[in-house]
Amino acid sequence: MPKYILVSFLLLFCVSNKVNAQFGFSHEIGAIVGPVAFQSDYGERYDFSTNAGNTGYGIGLIHYLNFSYKAECNCYTPETYFNDHFKLRTELSYNKTKLDHFGQWVSPEKNSDTAQQLRAMHGSTAVTNIGMQLEFFPYSIRDFSATVGAWAPFISLGGQFSFYKPTAYSDLGPGLGSIGTNLPTPTPQKYLNAFDLKGGTTWSVVSSIGTRYKLTPLSDLMVDLRWQYYFSNWVDGLSPNPVLYPENKANDWLVWLNFGYIYYLQ
């Protein structure tokens with residue numbers, strides 16, 4: 001899988017370079033890191049302990065096409081609204097989250113078989129994403145680029161292709177599950193025939209809101225809050241029957257708070 005990811009990222013970078021060669025746009029590169037909250041079939045929906053407990057981390061490399069500036073001539077491009085308010089972001093990122101069951105159904109006072117099975121059940125998922133986003137800056141990119149100490153809020157929307165690999169186990173020991181030999185056991189009733197730990201791929205939509213801070217003439221700090229929705233309910237390895245268990249019918253999604261550093265290439 002890493003080979004395919006690398007090839008895909010190189011293809012995206014080559015496309016960016018081709019656009020740059022034809023139209024003369026400049027480049028920016030950077031790195032991001034921050035905490036991730038993963039919403040899945042682990043835990044009770046809308047429960048704060050689930051939101052706070054099923055968390056992990058994310059890291060990534062980012063590349064921007066800056067349409068407002070030409071690095072080859074050290075000059076601005078012809079001024080248009082698009083050039084002065086949009087940037088194209090290419091990203092390769094990775095996030096990993098530990099997953100457990102939280103909420104009223106696993107509270108200590110509950111001693112049913114299901115409660116014990118759920119408390120003993122643990123999992124994780126690791127996801128690698130590659131894709132693009134179009135970022136919109138309501139204020140002038142040119143003015144921001146020329147002013148150290150300035151702020152540049154933005155919103156973005158885009159799509160990514162994701163490779164996911166979930167894991168799961170039980171404190172109660174090995175045994176039979178629905179598929180394979182590495183499944184939690186004994187398996188809670190709702191997850192029978194609802195496990196798949198092989199991993200796979202899916203598309204996702206990404207939207208974020210954030211801001212940049214002009215640190216130096218050639219570097220920015222960035223913070224953004226991302227929402228990423230996967231077009232699959234198997235990213236965590238679980239997908240109970242949505243008719244019998246409507247509380248688990250939603251696809252997996254996450255919220256990621258990014259902190260980043262961006263450098264302008266000359």
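# Reading salt bridges, strands and surface in a predicted model

Visitor: How many salt bridges does a search of the whole structure find?

Guide: A search of the whole structure finds 11 salt bridges, each being a side-chain nitrogen of Lys or Arg within 4 Å of a carboxyl oxygen of Asp or Glu. The general idea is that side chains of opposite charge can pair when their charged atoms come close. The model is predicted, so local features need pLDDT of at least 70 and side-chain atom pairs count only at pLDDT 80 or more, while totals for chains, interfaces and linings use all residues. Residues are numbered from 1 along each chain as its sequence is written, and side-chain values use heavy atoms, with hydrogens and water left out.

Visitor: Which side chain meets that of Arg 212 in a salt bridge?

Guide: The partner is Glu 28, with 2.9 Å from N to O. Because Arg 212 lies in strand E8 and Glu 28 in strand E1, this pair ties together parts that are 184 residues apart in sequence. Helices (H or I, at least four residues) and strands (E, at least two) are DSSP runs, numbered from the N terminus.

Visitor: Is Arg 212 buried or exposed?

Guide: Arg 212 has a relative accessible area of 0% and is therefore buried, and Glu 28 is likewise buried at 0%. The word buried means under 20% relative accessible area, exposed means over 50%, and partly exposed lies in between (1.4 Å probe, protein chains only).

Visitor: With which residue does Glu 135 form a salt bridge?

Guide: Glu 135 forms a salt bridge with Arg 89, and their closest N and O atoms are 3.0 Å apart. Glu 135 belongs to strand E6 (residues 121-136) and Arg 89 to strand E5, so the two connect parts that are 46 residues apart in sequence. Salt bridges that share partners also join Glu 28, Lys 87, Arg 212, Lys 214 and Asp 220 into one network.

Visitor: What else does a polar contact join to the side chain of Arg 89?

Guide: The side chain of Tyr 64 is joined to that of Arg 89 by a polar contact of 3.4 Å; such a contact is a pair of N or O atoms within 3.5 Å, where within protein one must be able to donate a hydrogen and the other to accept it, and residues adjacent in sequence count only if both atoms are side-chain atoms. Arg 89 is itself buried, with a relative accessible area of 0%.

Visitor: How many bridges join strand E1 to strand E2?

Guide: Strands pair if DSSP finds at least two bridges between them, and here 12 bridges join E1 (residues 26-39) to E2 (residues 55-66) in an antiparallel arrangement, with Ser 26 opposite Asn 66. E2 also pairs with strand E5 (residues 86-100), again in the antiparallel sense, over 11 bridges, and there Ile 59 stands opposite Tyr 94.

Visitor: Which residues form a nonpolar patch on the surface?

Guide: Val 33, Tyr 57, Ile 59, Ile 155, Ile 209, Leu 225, Leu 257 and Phe 259 form the patch, with about 710 Å² of accessible area together. E2 and strand E10 (253-264) are the elements that give two or more residues to it. Patch residues have over 30% relative accessible area and no salt bridge, and nonpolar side chains (Val, Leu, Ile, Met, Phe, Trp, Tyr) are joined within 5 Å, like charges within 9 Å; areas come from the Shrake-Rupley method with a 1.4 Å probe, and for residues only the protein chains shown count as cover. Ile 59 is partly exposed at 40%, and Ile 209 counts as exposed at 53%.
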